[in-house]
Amino acid sequence: MNELKSRHLIENPPDRCYLCRKLRDRVVRNWAKEHGFEVIADRLNFSDLQDYRPGVKASTEDGIWHPFIEFEVTKEEIGEFSRRLNLPTWNKPAMACLCSRFPFGFGLDAEKVKMVETAENFLRGPGFREVRVRFSRTGQP
C-alpha cells in the first residue's frame, strides 16, 4: 500500500501514525477475513509503551492482538530469544517509519521521503547501524 496516496497522511498531522495504522489495519483485516483468519497479532512489544505510539491505540481499537505487550515481553527479551534461536535478524536495528523524520505539518511526498531514505542508506554504507536523517522545515535534510 502506498500511504502517500492518503490526503490525511500527506498533510502530516500530529496523529499521522494513528491514521496510518488505521489504514493498514483495514487492509490487514480485509485480507484476514478473505483468508479465514480470526485473530490478527502484531509485533508491538512492552518496550514500545515507553514511547509516544499512537498506532498502539489505533490497532487496539481495531482488535489487533499485541501478545508481547500482553505478556510484558520487552524488545531486549525478544532480541535475546531470537539470538538463542539463531535467527538471522536477532540484532537487526529498529527501523522507524521514514515519515517520522519530518516535522508534523510539513507536507510529505515521495520525493522528500526518498531523499531521507537515500541519505540514511548512504550513512549505513560505512557501517553506521542506527541512523536517522531529519528533514528540516527549510526543506533541507
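This is a predicted model: local features need pLDDT of at least 70, side-chain atom pairs count only at pLDDT 80 or more; totals for chains, interfaces and linings use all residues.
Let's start on one side of helix α6, where Ala110, Glu111 and Phe122 are exposed; exposed stands for over 50% relative accessible area, buried for under 20%, and partly exposed for what lies in between, using a 1.4 Å probe and protein chains only. On the other side of α6, the buried residues are Val113, Val116 and Glu120. These three share one side of α6 because they cover an arc of only 60 degrees around the axis, the arc being taken from the directions that run from the helix axis to the C-beta atoms.

Residues are numbered from 1 along each chain as its sequence is written, and side-chain values use heavy atoms, with hydrogens and water left out.

Helix α6 runs over residues 110–124. Its 15 residues reach 21 Å from first C-alpha to last, close to the 21 Å expected at 1.5 Å a residue; that expected span is 1.5 Å times one less than the number of residues. Asp109 caps the N-terminal end of α6, with a side-chain oxygen 3.0 Å from the backbone nitrogen of Glu111. For reference, a polar contact is a pair of N or O atoms within 3.5 Å; within protein, one atom must be able to donate a hydrogen and the other to accept it, and residues adjacent in sequence count only if both atoms are side-chain atoms.

## The overall picture

Stepping back, the protein has six helices and zero strands, giving the pattern α-α-α-α-α-α along the sequence. Helices (H or I, at least four residues) and strands (E, at least two) are DSSP runs numbered from the N terminus. The C-alpha trace spans about 45 × 35 × 30 Å along its principal axes.

Of the 141 residues, 32% count as buried. Among contacts between residues at least 6 apart in sequence, 56% join residues at least 24 apart, where contact means heavy atoms within 4.5 Å.

## Helix α2 and its partners

Helix α2 has 19 residues and reaches 27 Å from its first C-alpha to its last, close to the 27 Å expected at 1.5 Å a residue. Its buried residues are Arg16, Tyr18, Cys20, Arg21, Leu23, Asp25 and Ala32, and they pack against α1 and α3. After α2 comes Gly36, with a positive phi near 80 degrees.

How do α2 and α3 meet, and at what angle? Helix α2 (residues 16–34) and helix α3 (residues 54–61) pack at about 35 degrees, with their axes 7 Å apart. Axes are lines fitted to C-alpha atoms, for helices over the stretch in contact, and angles run from 0 to 180 degrees between N-to-C directions. The crossing is right-handed: a crossing has that hand if the near helix is turned clockwise from the far one by less than a right angle, and is left-handed if anticlockwise. On the α2 side the contact is made by Cys17, Tyr18, Arg21, Lys22 and Asp25, and on the α3 side by Pro54, Gly55, Lys57, Ala58, Ser59 and Glu61. Lys22 counts as partly exposed, at 22% relative accessibility, and touches Ala58, Glu61 and Asp62, leaving aside neighbours within four places in sequence.

## Residues to look up in the viewer

Leu98 sits in the loop between α5 (75–84) and α6. Not counting residues up to four places away in sequence, Leu98 touches Val113, Val116, Glu117 and Glu120. The C-alpha atoms of Leu98 and Arg132, 34 residues apart along the chain, are separated by 8.7 Å. In helix α5 you will find Ser82, buried with a relative accessible area of 12%; leaving aside neighbours within four places, Ser82 is in contact with Leu87 and Trp90.

Most residues other than glycine have a negative phi. Asn12 has a positive phi of about 60 degrees, and phi of Asn86 is positive too, near 60 degrees. Asn12 lies in the loop between α1 (7–10) and α2 and is buried, with a relative accessible area of 0%. Asn86 lies in the loop between α5 and α6 and is exposed, at 67%.
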